[in-house]
Amino acid sequence: MNQEYLSSKRALLIVNRHARQGKERLADIITQLQQLGFILLQESTENPRQLPEVIRRYRNQVDLVIIGGGDGTLNAAVEGLIDTQLPLAILPLGTANDLARTLKIPTSIPDACQVIATGKLHKIDLGCVNGKYFFNVASCGLSVQITQRLTKEAKRRWGVFAYAAIALQVIWQARSFKAEIRQGGESILVKTIQIAVGNGRHYGGGMTVVHDATIDDCRLDLYSLEIRHWWQILALLPALWQGRQAALPGVRSLEGTEIEIYTRKPLAINTDGEITTQTPAKFRVIPKALSVLVPDS
């Protein structure tokens with residue numbers, strides 16, 4: 001594991017004030033980071049799509065980008081991080097915080113600030129689908145319906161439980177679709193309600209992609225839910241949470257560095273909780289794409 005540490009504490013701080021804890025914690029965050037010796041340049045934007053350009057503007061002024069928000073905020077910023085190769089530090093202020101969970105970054109803000117001050121830099125992989133980067137998972141089918149129904153108000157009010165509540169509402173309406181999965185020279189025709197392709201370990205508020213998945217294993221992990229009746233997914237939920245669904249009937253799994261998915265009609269694809277592209281979809285893994293501060297343990 002990479003044992004590199006930060007040599008400078010000049011940082012760009014971007015906090016999503018619309019994140020679940022963003023606005024109310026901002027003053028505390030600034031105070032704690034300054035007490036830990038950071039020189040902060042602060043930026044905010046109402047439009048997450050502007051985050052890459054904001055980061056690019058500071059490429060020669062800072063040695064670190066600190067982002068406070070959830071997985072959607074991190075996903076929105078990723079192109080700027082890739083372009084500048086500035087290290088990333090995470091303050092988990094969102095609802096699911098799946099990337100922080102994958103990297104074992106504590107949800108306590110004082111503890112997360114300590115990680116930024118004393119942690120080590122570690123290289124992580126990124127997934128990419130049709131030119132869109134993702135940290136955790138990209139998927140089509142059931143998860144897109146959940147994303148479309150999951151309002152900011154529901155996430156703010158119910159937190160991670162909002163995912164489960166919305167999922168239970170849409171599962172019984174789940175409709176299967178036909179798809180072709182291509183990987184390693186093989187073509188597989190499936191009838192499924194969801195195809196998910198994971199780069200990281202956690203997604204959807206704590207579910208696990210595959211039991212041994214890590215965000216630095218240089219591979220993508222795919223699973224396809226090929227069940228006939230909506231109620232069958234209820235029996236799969238414990239295994240999906242632990243990432244052990246591959247052994248169960250009605251679940252197909254495979255891994256690779258490049259995967260393609262084709263459907264008769266274009267289907268929306270959700271990347272890290274945001275709908276960003278559609279099928280046909282070409283997925284690939286980008287090894288050691290970013291440096292991120294993680295706990296030194």
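Biologist: How many bridges join strand E8 to strand E9, and in which sense do the two strands run?

Modeller: As a general idea, strands of a sheet pair through backbone hydrogen bonds, either parallel or antiparallel. In this predicted model, strand E8 (residues 177–183) and strand E9 (residues 186–192) run antiparallel and are joined by seven bridges. Ala179, for example, stands opposite Val190 in E9. The hairpin of E8 and E9 has two residues between the strands, and Gly184 takes a positive phi near 60 degrees there.

Biologist: With which strand does E8 pair over four bridges?

Modeller: The partner is strand E15 (residues 258–263), and the pairing is again in the antiparallel sense. Within this pairing, Arg182 stands opposite Glu260 in E15.

Biologist: Over which ring does the charged end of Arg182 sit?

Modeller: The ring belongs to Tyr262, and the charged end of Arg182 sits 4.1 Å from its centre. A further case involves Lys9, which lies over the face of Phe38 at 5.2 Å from the ring centre.

Biologist: Over how many bridges do strand E16 and E17 pair?

Modeller: Strand E16 (residues 268–271) pairs with E17 over four bridges, in the antiparallel sense.

Biologist: Let us turn to aromatic rings. How many aromatic pairs does the count come to?

Modeller: The count comes to one aromatic pair. Tyr203 and Tyr223 form this pair, with 6.5 Å from centre to centre and 45 degrees between the planes, and the arrangement is tilted. Tyr203 lies in strand E11 (residues 202–203) and Tyr223 in strand E13 (residues 220–225), so the pair ties together parts that are 20 residues apart in sequence.

Biologist: Are Tyr203 and Tyr223 buried or exposed?

Modeller: A residue is called buried when its relative accessible area is under 20%. Tyr203 has a relative accessibility of 9% and therefore counts as buried. Tyr223, at 3%, is buried as well.

Note on methods: Residues are numbered from 1 along each chain as its sequence is written. This is a predicted model: local features need pLDDT of at least 70, side-chain atom pairs count only at pLDDT 80 or more; totals for chains, interfaces and linings use all residues. Side-chain values use heavy atoms; hydrogens and water are left out. Rings of Phe, Tyr and Trp (its six-membered ring) pair if their centres lie within 6.5 Å; planes under 30 degrees apart count as stacked, over 60 as edge-to-face and the rest as tilted. Buried means under 20% relative accessible area, exposed over 50%, partly exposed in between (1.4 Å probe, protein chains only). A charge sits over a ring if NZ of Lys or CZ of Arg is within 6 Å of the ring centre and within 35 degrees of the ring normal. Two strands pair if DSSP finds at least two bridges between them.
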